[in-house]
Amino acid sequence: MNIIETERLTIRWLTEDDAEFIYRLYNTDSFLQFVGDKNLQTIDDARKYLLTGALNMYERIGMGLYMVELKSDKTALGISGLIKRDSLNDIDIGYGFLPEFEGKGYAYEAGVALKSYAKDALKIERLVAITTADNKRSITLLEKLGLDFESTVEEPDNQPALRLYAMHL
């Protein structure tokens, strides 16, 4: 189901058919470094991850991670979305793009559209985002989207602390 169209992009719900793309994206070096290893060793693992993650979240709360595609030819670029994490009180805006599509403004375009969707369609009043202190590209994007650094979130199990960014819509 398409939820947003922008000048260049279609943003839609993920489906089980996106498992191959999710497997590819989640195993890129940048995703593994900045988001973490979700242990997707096979396309079937990715399918199960979709079922228990994004598809489950759509069913439970009507939002989640979405596929971001070029409107012109349906090329899958990455994911972006609105996530309710157990560890955060607010809705988290997140994203991840294949390396060949980074730095072309797609994440920003999707982020602007998702901010409007969150405010207008979902009536969300505050968005947050988390990232590691060394993810400079992500921090730059979050600030460009209007989120400001709010605090450091300590992670369990000696994981690096995350930086929490927030904005009121």
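1. The buried residues of helix α1 pack against α2 (29–34), α3 (43–52), β3 (65–70), β4 (76–84) and β5 (91–97). Buried means under 20% relative accessible area, exposed over 50%, and partly exposed in between (1.4 Å probe, protein chains only). Helices (H or I, at least four residues) and strands (E, at least two) are DSSP runs, numbered from the N terminus.

2. This is a predicted model: local features need pLDDT of at least 70, side-chain atom pairs count only at pLDDT 80 or more, and totals for chains, interfaces and linings use all residues. Residues are numbered from 1 along each chain as its sequence is written, and side-chain values use heavy atoms, leaving out hydrogens and water.

3. Which residues of α1 (residues 19–26) are buried? They are A19, F21, I22, L25 and Y26. These residues lie on the same side of α1, because they cover an arc of only 160 degrees around the axis. The arc is that of the directions from the helix axis to the C-beta atoms. An α-helix has 3.6 residues a turn, so residues three or four places apart point the same way.

4. Take Y26, in helix α1. Y26 counts as buried, at 4% relative accessibility. Not counting residues up to four places away in sequence, Y26 touches F31, L32, K38, L40, Y49, L65 and I79. Contact here means heavy atoms within 4.5 Å. Y26 and K38 are twelve residues apart in sequence, and their C-alpha atoms are 7.3 Å apart in space.

5. Next, a helix pair. α3 and α4 (residues 54–61) pack at an angle of about 15 degrees, with their axes 3 Å apart. That makes α3 roughly parallel to α4. Axes are lines fitted to C-alpha atoms, for helices over the stretch in contact, and angles run from 0 to 180 degrees between N-to-C directions. Angles under 35 degrees count as roughly parallel, over 145 as roughly antiparallel, 65 to 115 as roughly perpendicular and the rest as oblique. Y49, L50, L51 and T52 of α3 meet A54, L55 and N56 of α4.

6. E69 sits in strand β3. Is E69 buried or exposed? E69 is buried, with a relative accessible area of 7%. The E69 side chain makes a polar contact (a pair of N or O atoms within 3.5 Å; within protein, one must be able to donate a hydrogen and the other to accept it, and residues adjacent in sequence count only if both atoms are side-chain atoms) with the side chain of R12, at 3.0 Å.

7. A129 belongs to strand β6 (residues 126–132). A129 counts as buried at 2% relative accessibility.
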